[in-house]
Amino acid sequence: MTKKELNQVFWRSFQMEFSWNYERQMNMAYVYAMIPILKKLYPQKEEMAAALKRHLAFFNTTPHIVTFILGINAAME
């Protein structure tokens, strides 16, 4: 990962407070924030679709801590 992708994830993480639903909480904003990392790691369309689907699970946290969680998940990917 380069600093560019990590900065993109950081700035996209601010959407956590605005994208919220009762079924899966903040999962859409979480996936939106992870897209720059996933694009770099999974260039093939099928792999990217599987990664996006995998990350669309239930996700809920405090927006103040989300950058820490996204950083850990980016490192794990």
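So, aromatic pairs: a search of the whole structure turns up 4 of them. Rings of Phe, Tyr and Trp (for Trp, the six-membered ring) count as a pair if their centres lie within 6.5 Å, and planes under 30 degrees apart are stacked, over 60 edge-to-face, the rest tilted. Take Phe10 and Trp11: that pair is edge-to-face, because the planes sit at 75°, with ring centres 5.0 Å apart. Trp11 also pairs with Phe14, and there the geometry is tilted, 5.6 Å centre to centre with 35° between the planes. Ring pairs therefore link Phe10, Trp11 and Phe14 into a cluster.

Before I go on, this is a predicted model, where local features need pLDDT of at least 70 and side-chain atom pairs count only at pLDDT 80 or more, while totals for chains, interfaces and linings use all residues. Residues are numbered from 1 along each chain as its sequence is written, and side-chain values use heavy atoms, leaving out hydrogens and water.

Trp11 is exposed at 57%, while Phe10 at 35% and Phe14 at 43% are partly exposed.

Now the inside. Helices here are DSSP runs, H or I, of at least four residues, numbered from the N terminus.

What does Tyr30 touch, leaving aside its neighbours within four places in sequence? Met16, His55, Phe59, Leu70 and Asn73, with contact meaning heavy atoms within 4.5 Å.

Back to the surface. Ile65, Phe68, Ile72 and Met76 make a nonpolar patch with about 440 Å² of accessible area together. Patch residues have over 30% relative accessible area and no salt bridge, with nonpolar side chains (Val, Leu, Ile, Met, Phe, Trp, Tyr) joined within 5 Å and like charges within 9 Å. A salt bridge is a Lys or Arg side-chain nitrogen within 4 Å of an Asp or Glu carboxyl oxygen. Areas are Shrake-Rupley with a 1.4 Å probe, and for residues only the protein chains shown count as cover. Met76 is in H4 (residues 66-76) and is exposed, at 66%.

Definitions and conventions:
Helices (H or I, at least four residues) and strands (E, at least two) are DSSP runs, numbered from the N terminus. Buried means under 20% relative accessible area, exposed over 50%, partly exposed in between (1.4 Å probe, protein chains only).
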